[in-house]
Amino acid sequence: MEMAWGLFIKLKTFIYFTSLFLFTLNFKSGRCQLQIGKESADFDGRSNDFKSLYCSVAGHGEKTYEWYHNGNLVSPQYFSKGFISTNSDTLTVKARNVNRRYQGIYQLFVSSAFGRIFCRKIKVRFKVAGDFGSDSALPDIRQVVEGQPFRLSCPKHSYMRGCSYKWGGNSHAVGMRFVKEYRNRVILPDGTLFFSAITRQDMLDFGWKDGGYQCIMDCVFTGGFHSMTRSHKVGLNATGVNASSFGPKIITMIKDREVVLGSKYVYVTCAAAGSPTPSYRWAKIDAEDNAVDMIKTGDIEFGNFNHTMTIKNIDINHNGTYACIATSGDIYDMVKWKLIVREKPTWLSNEKIRSKEVDVFTNFTWECKAHGDPVPTYTWYSNASQMDTRSGRCEIDGGKISFSRVLLEDIGMYQCVAENGFGRIYQTVSLRVRARRPEFNKSSIDVVFLKDSQGTLRCQSNAIPRANYTWTKNGIPLTLGTKYNVNDGELLVINTLTEEDAGVYKCTAENVFGKAEQVINVTIGTLPTDAVQLCLAIRALRRVGKCQFSSKNVFQYLQVCTAT
């Protein structure tokens, strides 16, 4: 039983070191670690245009791919077989009718014999023109008072995203006719058509006898394709007239905006109740709290009658407080709002982390550094699992991770993620841990020393971690002292050699991964008194490479030899 157990242990050790050797070859060639290439960008468009997502990953050996949607594994049965090629770097949509269920966050995880990593989180959103549901031909007449403000709300509809609201109706002559823009009319972000005060022209345009108007949800897709959904017709009926002056009073509360640096645009709407009809202007508040009127520039545009303002190509200079000012005669109303420009995380130049190869039981540090506003937070992952400090072998301080004692199980893939609510970036690196049991090129060597000289025996095994060395002579452990000295464990120094120092010396090198032995056969020679014989002996010893000279007397003899 003991013999069988011993054979099992030897077999396991052999398999381990064979695997370690093959792994080392693959790692040095750069094929073993996983490397991320091109990845899909976020998708925001028509659902029928959503065809596939991808993340290319290089690396030697067999790889396993797992796609996740909102944290759920995308199996072949997911969404009733809505996808194909789930075990691939490309996730292909099979379903013909892609619906809102397919929206969300997608992420690919890739595994190999070396480790596991994840690709970026890919956000998928669809532009959706909602459905009004009812196409009633019955009159939908809203009662109004001329001279007073009115909100003509868009009829109820299903979910809508990424589209704009319009108001219009059919015309036999030109097809769709949209509501004409006037100073007293503005379409609010929720589709409501707001009148600062109902006028006779409004009654003419929205009178039921003229057919009324419809609320329209208009989606524009890639290539200029439009998808419009229309409500039933809505008309106005005046129940009276109130021509008294009032206002202006701004009814749109413009919320503060936080946008990412580099965003294409910010679009805001301002509307006020009032009679006479208010006029509008836009301003930016300076350091002294003064409202400085804005003018049209390359990055600032105003809609008709200044109801809307668009700030394009957002940069850091657009930070600040803005105001919409509505004026009627000498009376005005003002609403302020802030535009806060944020920066998604970006890696500092020349500060990217690199893959490492370290010795077992040593320490090292990685530190990833990113810039952003707000300041990014960092998360470290090992083989796609979030890391913590409970093991005590590493410390995490922001983007810095420090290993105090690296073990073989730490081999694998590591990722540092920096995020701040406006963006998420990551870096991927690999860790290889070097470990070697002691080995000698030769198991036995012969050495000749001269009597009365000093001899040094060398025992170097290149073990990782460094080996511990023990010395014996003729099977008996050496006692260190005047006769024997050990330098760094690897060098045994024998002082004042005599014939009794001849024998079989054995060096044993051992670390946690194994041990090895080297036998050194030591012979002690004497110097002939005759100069000619001395020279011949020295030259013969030097030819075979077995002679070590360290005595001052030997160098004197060598000088005589050279002269002869």
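**Handedness of a first link**

Is the link of Cys55 and Cys119 left-handed or right-handed? The link is left-handed, with -80° about the S-S bond. Cys55 lies in strand β3 (residues 52-58), while Cys119 sits in the loop between β9 (116-118) and β10 (122-126), so this pair ties together parts that are 64 residues apart in sequence. The S to S distance is 2.0 Å. Both Cys55 and Cys119 are buried (under 20% relative accessible area; exposed is over 50%, partly exposed in between; 1.4 Å probe, protein chains only).

**Basis of the model**

This is a predicted model, in which local features need pLDDT of at least 70, side-chain atom pairs count only at pLDDT 80 or more, and totals for chains, interfaces and linings use all residues. Residues are numbered from 1 along each chain as its sequence is written, and side-chain values use heavy atoms, with hydrogens and water left out.

**Disulfide count**

A disulfide is a covalent bond between the sulfur atoms of two cysteines. Here the cut-off is a pair of cysteine sulfur atoms within 2.5 Å. By this rule there are six disulfides.

**Two further links**

Cys270 and Cys324 form a disulfide, with sulfur atoms 2.0 Å apart. The torsion is -90° about the S-S bond, and the link is left-handed. Cys270 is in the loop between β22 (265-269) and β23 (272-275), and Cys324 is in strand β28 (residues 320-328), so the pair ties together parts 54 residues apart in sequence. Cys270 and Cys324 are both buried.

Cys368 and Cys416 also form a disulfide, their sulfur atoms 1.8 Å apart. The torsion about this S-S bond is about 45°, so the disulfide is right-handed. The pair links distant parts of the chain, 48 residues apart: Cys368 in the loop between β31 (364-367) and β32 (370-373), Cys416 in strand β37 (residues 412-419). Cys368 counts as buried because its relative accessibility is 2%. For Cys416 the value is 0%, so Cys416 is buried. Cys394 is buried too, with a relative accessible area of 6%.

Strands of a sheet pair through backbone hydrogen bonds, either parallel or antiparallel. Strands here are DSSP runs (E, at least two residues), numbered from the N terminus. Two of them pair if DSSP finds at least two bridges between them.

β43 and β44 (residues 491-494) pair over four bridges. Val486 has Leu492 in β44 as its bridge partner.
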